[in-house]
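Please keep the sequence and the model at hand while reading.

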Amino acid sequence: MKALSRLLTALCVASLSGCAEEEGVQAESTDLGQNSQAELGYDPGSGWHLAWSDEFNTSSLNTANWTPLTSNWDPVTGNCDFGTGELEFPRAQNVTVTGGKLVISAQRTYDNPRDSRCSARSFYSGRIHTKGKVEKRYGKIVASIKVPSGYGMWPAFWTLGADISQVGWPKSGELDILEWHSNEPTWMKSAVHWDSNGNQAHWGTGASGGYNLADSFHIYEMEWNSGSIIFRLDGRVANATFYNPDTEFQQNHYIILNLALGGNWYGFPSPDAIALPAGQTKTMEVEWVRWYQQGSTPPPTGTAITNPSFESGMTGWATWSPNGTESSAFSETYNGAHTGSYHLTHWRSSPFEAWTYQTKSGLASGNYKVRAWVRKSGNFNFSRLQIKTCASCAPAFTTLGDYGAWTLVETPAISVTGGYVEFGFHSQSSASDSSPALHADDVELIKL
């Protein structure tokens, strides 16, 4: 309770955020290919469908989804420095998309950038929003984000009511899914701001992972319906639920992502105090943002796969090996499955390599990824879940870590234009013992 009390105090000091006044098949070579990254998947649970997402798999920001700000004057809300005294000057070149990620970068500057209506700022950074492009009500809003460490860093993932230009803040309502403060680095801090009889009203909660959230990816989530709002960090529910009778949260909202520096949440520090020396860059990275809504939709035509949970043994699946060890891949019941009785195993007490895969053709053009539940332990040279668009093409893949419990993983997205994909599990171990074991279950091919 002491930590929560400190959190609530800090959130009320920073009444805006995020608190702003607005917003055939052969295996490929054992070379690891392209798009290597360890990207944990996210499962919204039954009864939810993906209404919108940006997977950041293009070469530049998708301006059909996002608008980047280009000064410290905000044209949506008509204010300077976002109502919080932040020290950054946003600009478009500080928002890039590369390697399957959105990157918002910040640097110290001595050229005193400013809008003519505002004071000079000491840093460049980035800020983007979906106002007028992606606006929805209710659902699960989720992102995989890596925030930067250091005093004065104020990364935020949040929403504002779509009517803000008409009614102003806080009558628009504000939902802060993630804010991070260097003084409490294990905490995802979340907040709600609204108008109560003409006065500003603030409510805060948070979740601590027990580990520093900075400099690695974590999943930040808000589940919002007409009666309540719940925040989660890596699936861990925040300390408290906001019960939601207010009109500000019964309307469409839009999403904001930004990397602020200093400002009122840090007690208005001087630029010299900010942990960002000249010549260095801090980055906030985002692997994906998704908005799920309740209800189910049928899977896109052609994405259903054969025997996804191996209940029919290896039916529908092929296994190839460069050295005659393909029998190391098999369906088994030992040690439990994620669902049903069976799952795929890659295991052998002597060195092996196995590529277990399915192929699909006739797919509609678009972006696809593969998702699966895995457990893994022991000594592998490599082990990954992957997808590729031809036998000799480099795959998009996720390198699998050691998971003692069943864990949902997914590949990066891959662009499919020829209607064909191969996907599955590729592992190699040189261990001459019984230690390496990969278990996999419940495989899905997903069209984004």
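The sections below treat the basis of the model, the overall chain, the sheet, the disulfides and the aromatic contacts.

## Basis of the model

The model is predicted: local features need pLDDT of at least 70 and side-chain atom pairs count only at pLDDT 80 or more, while totals for chains, interfaces and linings use all residues. Residues are numbered from 1 along each chain as its sequence is written, and side-chain values use heavy atoms, with hydrogens and water left out.

## Overall chain

The chain contains two helices and 32 strands.

Of its 448 residues, 56% count as buried. Buried denotes under 20% relative accessible area, exposed over 50%, and partly exposed the range in between, with a 1.4 Å probe and protein chains only. The chain exposes about 16,800 Å², of which carbon and sulfur atoms supply 47%. These areas come from the Shrake-Rupley method with a 1.4 Å probe; for residues, only the protein chains shown count as cover.

## An open sheet of seven strands

Seven strands form an open sheet in the order β3-β10-β20-β12-β13-β14-β15, and the pairing is antiparallel. Strands count as paired if DSSP finds at least two bridges between them. The edges are β3 (67-68) and β15 (199-208), each of which pairs on one side only.

Within this sheet, β13 (residues 174-179) and β14 (residues 187-196) run antiparallel and are joined by four bridges. Leu 175 has Val 192 in β14 as its bridge partner.

## Disulfides

A search of the whole structure finds two disulfides, a disulfide being a pair of cysteine sulfur atoms within 2.5 Å. With bonded cysteines counted along the chain, the pattern is 1-2, 3-4.

Cys 80 is joined to Cys 118 with an S to S distance of 2.0 Å. This link is left-handed, with -80 degrees about the S-S bond. Cys 80 is partly exposed at 25% relative accessibility, whereas Cys 118 is buried at 4%. In the link of Cys 390 and Cys 393, the sulfur atoms are 1.9 Å apart. That link is right-handed, with 105 degrees about the S-S bond, and Cys 390 is partly exposed at 23% relative accessibility.

## Aromatic contacts

The whole structure holds 15 aromatic pairs. Rings of Phe, Tyr and Trp (its six-membered ring) pair if their centres lie within 6.5 Å; planes under 30 degrees apart are stacked, over 60 edge-to-face, and the rest tilted. Tyr 42, in the loop between β1 (34-37) and β2 (48-54), and Tyr 292, in strand β21 (residues 282-294), are 250 residues apart, and their pair links distant parts of the chain. Tyr 42 is buried at 7% relative accessibility, and Tyr 292 is buried with a relative accessible area of 4%. Ring pairs also link Trp 194, Trp 203, Phe 242 and Phe 249 into a cluster.

Charged groups over rings complete the account. The charged end of Arg 91 sits over the ring of Tyr 124, 3.6 Å from its centre, and that of Arg 127 sits over the ring of Phe 82, 3.8 Å from its centre. The criterion is NZ of Lys or CZ of Arg within 6 Å of the ring centre and within 35 degrees of the ring normal.
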